[in-house]
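Please look at the structure below and keep it in view while reading this briefing. The points are grouped by topic, so that each can be checked in turn.

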Amino acid sequence: MTQKLISIIILFSILLLSCTKLDEKLRGNLTAEQVGAGGGGGNVDALLKGVYNNMRGPFQGNEGVYALWEVTTDALLVPTRGPDWDDNGVFTQLHGLTFTGEHLFNRNLFNDLNGVVFAATEILRFNPTAQQAAEARFLRAMVSFMLYDGWDQLPYREPGASALEAPKVRLGAEALEYIMSELIAIIPDLPVGPNTKANKNAAKVLLMKCYLNKGTFANRAAPTFDAADMQKVITLADEVLAGGYTFSANYFDNFAPANTSIGKENIWVAENIGGVESGGIRSRYHSTLHYNQPPGGWNGFSTTTDFYNKFEPNDVRKGVAYPANDGDHPNPGNRVNVGFLAGQQYSLVTGEPLLSGDGKPGAPPLNYTPEVALIETGDNLEVTGVRVYKYAVDWQNEGTDLSDNDFVYFRLADVMLMKAEALVRTNAAAAALPIVNAIRANRGVTPLASVTLDNLLDERGRELYMEGWRRQDLIRFGKFLGPRQLKPQESDPKYLLFPISNQQIAANPNLVQNPGY
Amino acid sequence: MLSKRLLYVIFMPVFLLLSISLLAQDRVVTGKVTDSKDGTPVVGASVQPKGSTTGTSTSTDGSFRISVPSGINTLVVSSAEFERQEINITDKTTIDVSLVASTAGLSEVVVIGYGTARKKDLTGSVGSVSEKDFNKGTYTSADQLIQGKVAGVQITNNSGQPGGATSVKIRGNSAITGSGQPLYVVDGVPLDGRSPRPGAQDFGFGGSNPASNPLNFLNPSDIASVDVLKDASATAIYGSRAAYGVVLITTKKGKTGQTKIDFGASVGFSSVMRKIDILDAGQFRQALTYYGLSNTNDKGGNSDAFDEITQTGLVQNYNVGISGGNENAKYRFSLGALDQEGIVRKTGIKKYTADFSGQFKFLESKKLGLDLNIIPTHYTEDLAPISNNGGAEGSMIGQALQWNPTLPLKVKRANGADSLVNVGGTSIINPLGLSEAFNDQAKVTTILASISPYYKFTSWLEYRFLYSINYGTGTRRASIAPDINVAAFQGKGGAQIGQNELSTQQFTHTLNFNKEIANNLNLTAVAGFEYLNYSNKGFSLNAQGNTIPGGFGNFGLDYTNYIQYGNTTNRGINSFVDPSYELKSYFARAAFNYQDKYLVTGTFRADGSTKFGKNNKYGYFPSFALAWVLTKEDFFQIDFVNSLKIRGGWGKTGNQEFPSGAAQARYGLNGSGTTGSITQLNNENLDLKWQADRQFNIGLDITVLKNKISATVDYFNKRTTDLLFPSAPPQPAAPGAPIKWINLPGKIDNKGVEASVNAAIINQKDMSWDFGVNATFLKNNVSELLTPAGADIIIPTGTLSGQGSTGATVQQIRNGIPINGFVTREFLGFDKATGQANYTEDGNVFYYLGNPNPTTLLGLSTTFRYQKLTLTVNMNGAFGHKIYNETLNNIINVGSIKRGRNIALSVYENPVKESFANRVTNSSRFLEKGNYLKMTNATFSYNIGTLGKTFSGVNLYVTGQNLFVITKFSGFDPEVNVDKNVNGVPSVGIEYAPYPSARTITLGVNFSL
């Protein structure tokens, strides 16, 4: 009897357990079904916010677009300073154009930008409103444009496609066609503003860039410029310029902590809310300032002498004493504290000169010299190179790492200069002259007598430095590969494109390594 | 439904058995059991009629009285440390039994998965260490007890942190992801493998601490034995969790006899075992001149920052165990208290453990039994700001190594009080100041409880159920004061509270079969069903202090007591629950034994896991092994060989050490302004499955010279495929870090030979000398790691994190080299003129330049006894590998002295004056030979024996741990493994300013009442 009873108990308890299905429950996370169950609206807002946040890393940090689109040019370098900044050669490889498919930032940026493509595409399967869909597609178009500019290949998936399948790839002209058709399609559904979100004019600016660079993307080694494309640039520019943008009171207002309200030139920015949420924008000043220069820095990024010398002495864009947004940095000496920092540096509190080394009496002065080398080997390796940043220090929120400065994607002067360039490239340089001089007048420099491609490139350099366009500009103007200050040799044309990372070549058989790598 | 049908197949025999009933008529046999060596009575020996479920045990004078059912003519007499004997009692009512000590240990019973086996019946490779052979000294976790004791097993203390984790690698390294740790099973309860201690917050010097040992919850003095299942024929019964081996820990149980109370107490002192050579104040002054630096950095003093942050740690350990019982109810209850101060200020572990176990038999027939085991533990870890990944600001050990030795750490103020020197502004941080400013305490409470009723249907069939729950919760509170110049927290301070909860529930049903099924053919079999449910959840809170008036105020309270006082705009809250993780498994083992001569074992396990992708829910893991005892053959006529067995086995195992939820597309919910954001966390892979291992093993067990010398030699060949890997998915894919878990093609081969020899060189009444040595020779290779298109896959890991090395990695998993091979620049020496380092191809090409995996492991142990004095020495060593000295690379490099920080003595003594501008970059310059031989512990004990009528087994001892290490490695300890993983791909053998290792001298006493 006992045995029967026991046997029944045993069997019953086993059967009870064996009915367990091996279904994995996500608990703290959501499945796609749960995300969709929120119904068109609520959860899509959170998803869309996720995409805006995904844009922060690649655009605002100092290892993304900033590194690949600026450090590869004459405008910016990160010298190896003895114990600092070698980082396995990532920066010197960028500036010297010697990178390979193993380059860490190249791999990460390609992946991060494609992450935005993915997340924006996914939104489309959760019943977004027309505007939500248009915003997502705009963000996707923006990163696709950067991907196309950098790598010439756009891998893509349809919404909800299996992650196991190798994504198909849009190549070359097909990729640009796709981006442009997307932009044209979504402009009606995009809002007029605010400029912290995807908006109609932002889409038009991106479309301008597509037209302006179309002949360059088709043949980066020998760019061409179709008159009809240039006319599109001009037409679109006029539409944007009608949007009521004006010059800011101070050139650096566009990048200041309060730029949400005082940055009058900004067409599209990534919103950063001081102390609450922000991208890595503070790295713009931390990465360049010396350790001993408040708010303290990492002593890396510098510009070349040649680039620095492109500025006239009284060009406000070269740097100003910008008022601090707290009361603790009165800057008694009225020293330049945003823009280019050259020569002796001073305390913004006391006006005393700052020292390098350990900062103690007897240490050498903190005197940034214009001379700089890719790999510094001298005793003065801490202070070589003129330092540069545009986003004024957000002293109020410095402690939180969450700076208030909105990151600027598109700005009025860029639109004006693109229009001027389109005019020059359609033999209407005379019409370009007042546009360029309007900018110059506002920036405190003498008017040009005439606009040429050469001085237009320099003007773009002076106006838009560190804004992520230098690489594209140099390629479009045919100046990217040539010898320059710290890259004495003409570079192989393969460097007009970045390599597809070895990791992605391995992951997706549909990607083909760019020629030469 | 397959599972139901399977169940019927398994349990049909149960019904058949129900009709069987046994009739019995009993007779009484009495006798006495003695030790053959000196005739002393053997107390507590088990006496059992062969095949019966009941039995008795000998009393204090060795005598017994037992009723034997009619038809049974054999008594089985056994006792620990003696050879088991079967006595023919046909027509006898009185017998005297003389037991022979089992010097060769062949009659030892070893724990195998879901059962036990006599060592001589083993067909697989099992390393077994019982209490008397454990490492002596104060240990916090069970794995340390067998370091150097088992051939083929490499146990590395990752750092010297009390309670810190170890790396246990059984038969080489094949982990390209996860921990590579074996599965731990405590008294039949498999552990989660993680510690419930919450992770650290990043206070500016890296957010990763050395991990806590998941075995901390066990009191080493409660452990009776540790058995290591090494080859696949032994481990395959654990299926998809067994690929890295299985370690079975058995706790002490009560024994029949009078109630016995065992006490143990020890007190010890720990100090730094070995220091890194840096400049002292005098050398630093000379160096300033030598390097042509201004003497502003000669601060005139003479300090040793490393001495200031380290201390002599007091170690106290107390244990009491009460055990006893009779044949039908045995129990053991123990309490333990360990208070181990670390050798770094404000670190240590305090641990309180209890263990209750009981074995009960019920019913008149004694067929129903119940085993109980409850282990509650509470421990507190005090942690220092020593991180695995400190960047430019380093962490405390690095800061101490860098501290200017002419600069005092503290000065006397006018009022006579000490004031800490704050260099301020720069990233030079006073390590003593940091230690003062920083508090980090983790409290972990765990309970492991299991209850296992069983029922013997017949003498050869037993059903057993095991339910266990293993629950652990950890709270961690950390804070940093605003007066230390850690950039992100200076002037503000910070606080963090984290809490974690881990739990595992287990239901196991087994049916055990043990019968002579034909003449001289014995079958031992087990079949079972198991369900496991793991969960992990937690939350964390963090806040920075206010900028005005600066931090959390000076109330003399810990900031985590009132975290809400912090700055309201700069807070973080986070909570998580891991996706569910359940296992449903069916398993069986059959072992045939023909005449103790031919042994055949087959096992099978089917594991279903929620973690696997929908297309691969079940994994199947078979194994097969044979053994042949040559000495049982008539033709075997070599006299001095007492036993000789050849074993061969093959099996498949798996590994599923990847996060739950890895096969699904998951979306995470994040805080973001006022809207919140949802982002995809993971990419789906419906095909995701276990990592597969197949291993074959050929072994030989031999004892010679009257069992005085025993040896075991094994050749193993382990191949790991379907490598689990958090791959970068083809783009576009979910943004951020998300990865797609895949099974990569590729093979990791670990081949080798392991051998152990134990010799009882002298075995006399007054004197004995035992000597044991084990050695392992390993070869590792990675191959066929290719993309579908045939390109090599290269997986980088071993990330460096110091200043100037951001993002740099020094190890790769790739074809043609051992796993985690060092791939870096080839250093060619210095240019005498410029002081710059020269590299092959200017350092633009990286080469495979070193193997971090030892190719030879060595363990030595010896015990020498003369009368009442015993000396035991245990040593372990590893050879043939390289260690990357990132401490030298990134912390005490030449550039430091230019910034007023200290440098390594080796840099100063370099015949070439190294240029300050010599870039800090990774190269073979920092690869050092890792060969070492360490005196793990040595114990000298005096066995007083019985004192009066009260005390017995009185033993006084002094133990030294880590007494010396012979090595050329210039870091703290060649036994090091700082976690430098890249996206979960583990690193091996990198030193980066870790918690230094301790040398401990302990005085102790054991006695019984």
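The model is a predicted one, and the predictor gives the complex an ipTM of 0.80 together with a pTM of 0.85.

**Confidence in chain B**

- The mean pLDDT of chain B is 88, and 95% of the residues of this chain reach 70 or more.
- Residues 1-24 of chain B have a pLDDT below 50, although this stretch still has 29 contacts in the model beyond near neighbours in sequence.
- Where pLDDT is low, the predicted coordinates should not be read in detail.

**The interface of chain A and chain B**

- On the side of chain A, 81 residues are in contact with 99 residues of chain B, and the two chains bury about 7400 Å² between them, with 58% of this area on carbon and sulfur atoms.
- Between chain A and chain B, 21 residue pairs are counted in polar contact, both residues being at pLDDT 80 or more.
- The elements of chain A that give two or more residues to the side touching chain B are α1 (2-18), α2 (32-37), α3 (42-54), α7 (104-123), β2 (153-156) and α19 (502-507).
- Of these elements, α1(A) provides the largest share of that side, with 12 residues.
- Sorted by class, the side of chain A that touches chain B has 32 nonpolar, 29 polar and 20 charged residues.
- Three salt bridges are found across the interface of chain A and chain B; in the salt bridge between B:R899 and A:D84, the closest N and O atoms are 3.0 Å apart.

**An open sheet in chain B**

- In chain B, three strands form an open sheet in the order β50-β49-β54, and the pairing is mixed.
- The strands β50 (927-929) and β54 (990-991) of chain B stand at the edges and have a single partner strand each, so one side of each is left without a neighbour in the sheet.
- Strand β49 (residues 882-885) of chain B runs parallel to β54(B) and is joined to that strand by two bridges, and B:N885 has B:E991 in β54(B) as its bridge partner.

**An open sheet in chain A**

- Chain A also holds an open sheet of three strands, in the order β5-β6-β10, where the pairing is antiparallel.
- Here β5 (319-320) and β10 (387-389) of chain A are the edge strands, each with a single partner strand, so one side of each has no neighbour in the sheet.
- Two bridges pair β5(A) with strand β6 (residues 338-341) of chain A in the antiparallel sense, and the bridge partner of A:G319 in β6(A) is A:G339.

**A hairpin in chain B**

- Strand β44 (residues 827-830) and strand β45 (residues 837-839) of chain B pair in the antiparallel sense over two bridges, and B:F830 has B:A837 in β45(B) as its bridge partner.
- Six residues lie between the strands of the hairpin of β44(B) and β45(B), where B:G835 takes a positive phi near 75°.

**A loop residue in chain B**

- The residue B:A488 is found in the loop between β25 (461-480) and β26 (494-518) of chain B.
- Which residues is B:A488 in contact with, leaving aside its neighbours within four places in sequence? They are A:G399 and B:Q544.
- B:A488 and B:I795 are 307 residues apart along the chain, and their C-alpha atoms are separated by 33 Å.

Technical notes: Residues are numbered from 1 along each chain as its sequence is written. Chains are lettered from A and ligands numbered from 1 in the order in which they are written. This is a predicted model: local features need pLDDT of at least 70, side-chain atom pairs count only at pLDDT 80 or more; totals for chains, interfaces and linings use all residues. Side-chain values use heavy atoms; hydrogens and water are left out. Two strands pair if DSSP finds at least two bridges between them. Helices (H or I, at least four residues) and strands (E, at least two) are DSSP runs, numbered from the N terminus. Contact means heavy atoms within 4.5 Å. Buried area is the accessible area (1.4 Å probe) that two parts lose on being put together, summed over both. A salt bridge is a side-chain nitrogen of Lys or Arg within 4 Å of a carboxyl oxygen of Asp or Glu. A polar contact is a pair of N or O atoms within 3.5 Å; within protein, one must be able to donate a hydrogen and the other to accept it, and residues adjacent in sequence count only if both atoms are side-chain atoms. Ala, Val, Leu, Ile, Met, Phe, Trp, Tyr, Cys and Pro count as nonpolar, Asp, Glu, Lys and Arg as charged, and the others, Gly among them, as polar. pLDDT is the predictor's confidence in each residue, from 0 to 100.
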